[in-house]
Amino acid sequence: MTNIAPAPALPGWTHTYSGKVRDLYVPANGDDRFLLVVASNRVSAFDHVLEPPIPGKGGLLTELSNWWFSRIPMPNHLATGHPEAPAMPSEVADRAVVSRRLEMYPVECVVRGALTGSGFAEYQRTGAVCGIPLPEGIEDGDLLDEPIYTPAYKAPLGEHDENITFERSAELVGPEVAAALREASLRIFTEARQLAAERGVILADTKFEFGRDPETGELVLADEVLTSDSSRYWDASLYLDAALDRSARLASFDKQIVRNWLAAHWDRTGEPPALPAEIVSRTYDRYRELFVRLTGTEPSATPGA
Ligand SMILES: C[C@H](c1ccccc1)n1cc(-c2ncnc(N)c2C#N)cn1
């Protein structure tokens, strides 16, 4: 994988881990009740972190996740307003959240309202996804009659997650928590999909992460929610236009521009080529278009920020 630029040093915080596109910090004073999750402007595709970063991406996705958190009626990990939460470093204030540190469940709570990606691949192999049998004849990108909960085991950091059955998730976290994760994931997805549909956007699938609050024991929604990094969003009018080919119909509001350009300019060997400036700006525009369609407002952070 491309060498990731080192996460910035932030006063009062100690960098502890970097994912492909986000960086995790803990309080420098050893307080283990909080975390700082910083969204970089990095973009990844085909398991590579690409160059250059997309200016404004981290801030826009952080704002979109926070917009969704404020509309989801369940406890979340944001420490906004917590009297003892460490200060937000000004250097990353527009693209980071101070969160309550949770005991994270090792389950990626994936909900699919359409079948594509790894779910469609598993369906093609077995006729089912995560042990859920599906009707014959489903094609890539088809909407399902009902959303399905298709959990994955959160592999050790940096490895691929593995689709599991609900029963396996119950072995991992216990039957009560497994049922609560499924119920919460399906409920949030159903409500979010409806809101998106009213704005002409299809929420095809998404991934939630939950944890347990060590002080209260309550189930808490964590990580990022319903961003175009954790979800697939399609334009409903394009999707329903039968005259278009599949890739145009499933034009997602995220990295499809990047994926299409890489598919045409990289043979998948060695490091991927740097993205041209036009691809960078068009990719930001797609992230911004989704943000405006869903929220009805312009993102606060601007690419030049
Ligand atoms: C996947 C994500 C991650 C973030 C940034 C960089 C790489 C991965 N992550 C989130 C936690 C986490 N752990 C405890 N409490 C929390 N409230 C959270 C959250 N959110 C651990 N990892």
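## Around the ligand

For sorting residues by class, Ala, Val, Leu, Ile, Met, Phe, Trp, Tyr, Cys and Pro count as nonpolar, Asp, Glu, Lys and Arg as charged, and the others, Gly among them, as polar. With that in hand, take the shell around the ligand: six of its residues are nonpolar, three are polar and five are charged. Keep in mind as you read that this is a predicted model.

In total, 14 residues surround the ligand, and the closest are Tyr-17, His-77, Arg-100, Leu-102 and Asp-223. Let's look at some of the nitrogen atoms. His-77 brings a polar side-chain atom to 3.1 Å from a ligand nitrogen. Arg-100 uses its backbone instead, with a polar backbone atom 2.8 Å from a nitrogen atom of the ligand. Asp-223 also has a polar backbone atom by a ligand nitrogen, at 3.0 Å. How much of the ligand's 480 Å² of accessible area does the protein cover? The protein covers 88% of the area that the ligand has on its own. As for where the shell comes from, β2 (22-27), β3 (34-39) and β6 (96-100) are the elements that give two or more residues to it.

Helix α7 spans residues 256-265, and its buried residues are Ile-257, Val-258, Trp-261 and Leu-262.

In the loop between α7 and α8 sits Arg-268. Arg-268 isn't a glycine, yet its phi is positive, at about 70°. Its relative accessibility is 51%, and exposed means over 50%, so Arg-268 counts as exposed.

## Helix α2

Now try helix α2, residues 117-126, where the buried residues are Gly-119, Phe-120, Glu-122 and Tyr-123. Around the axis they take up an arc of only 160°, so they sit on the same side of α2. Turned away from that buried side is a face with the exposed residues Gln-124 and Arg-125.

Among the elements covering the buried residues of α2 are β8 (107-114), β9 (128-129) and β13 (162-163). Just after α2 comes Gly-127, with a positive phi of about 80°.

What does its side chain touch? The side chain of Asp-205 makes a polar contact of 2.7 Å with the side chain of Arg-232. If you leave aside neighbours within four places in sequence, the contacts of Asp-205 are Val-111, Arg-112, Thr-116, Phe-189, Ser-231 and Arg-232.

Ser-169 belongs to helix α3 (residues 166-173). Ser-169 is buried too, since its relative accessible area is 1%. A polar atom of the Ser-169 side chain lies 2.5 Å from the backbone oxygen of Phe-166. Leaving aside neighbours within four places in sequence, Ser-169 is in contact with Val-107, Pro-151, Ile-164, Gly-174 and Ala-178. Compare that with Val-37: C-alpha to C-alpha, Ser-169 and Val-37 are 26 Å apart in space, and they are 132 residues apart in sequence.

## Some loop residues

Glu-198 lies in the loop between α4 (175-197) and β14. With a relative accessible area of 55%, Glu-198 is exposed. Its side chain is joined to the side chain of Gln-194 by a polar contact of 3.0 Å.

The loop between β4 and β5 holds Asp-47. This residue is partly exposed, at 37% relative accessible area, and its phi is positive, near 65°, though it is a residue other than glycine. Then there's Pro-52, in the loop between β5 and α1 (57-69). Is the peptide bond from Glu-51 to Pro-52 cis or trans? That peptide bond is cis, with omega near -10°.

Technical notes:
Residues numbered from 1 in each chain as written. Heavy atoms only, no water. Buried < 20%, exposed > 50% of the residue type's maximum accessible area, 1.4 Å probe, protein only. Helix = DSSP H or I, 4+ residues; strand = E, 2+ residues; numbered from the N terminus. Near = heavy atom within 4 Å. Polar contact = N/O pair within 3.5 Å; in protein donor to acceptor, adjacent residues only side chain to side chain. Areas by Shrake-Rupley, 256 points an atom, 1.4 Å probe, with all protein chains shown as cover. Contact = heavy atoms within 4.5 Å. Arc of directions from axis to C-beta.
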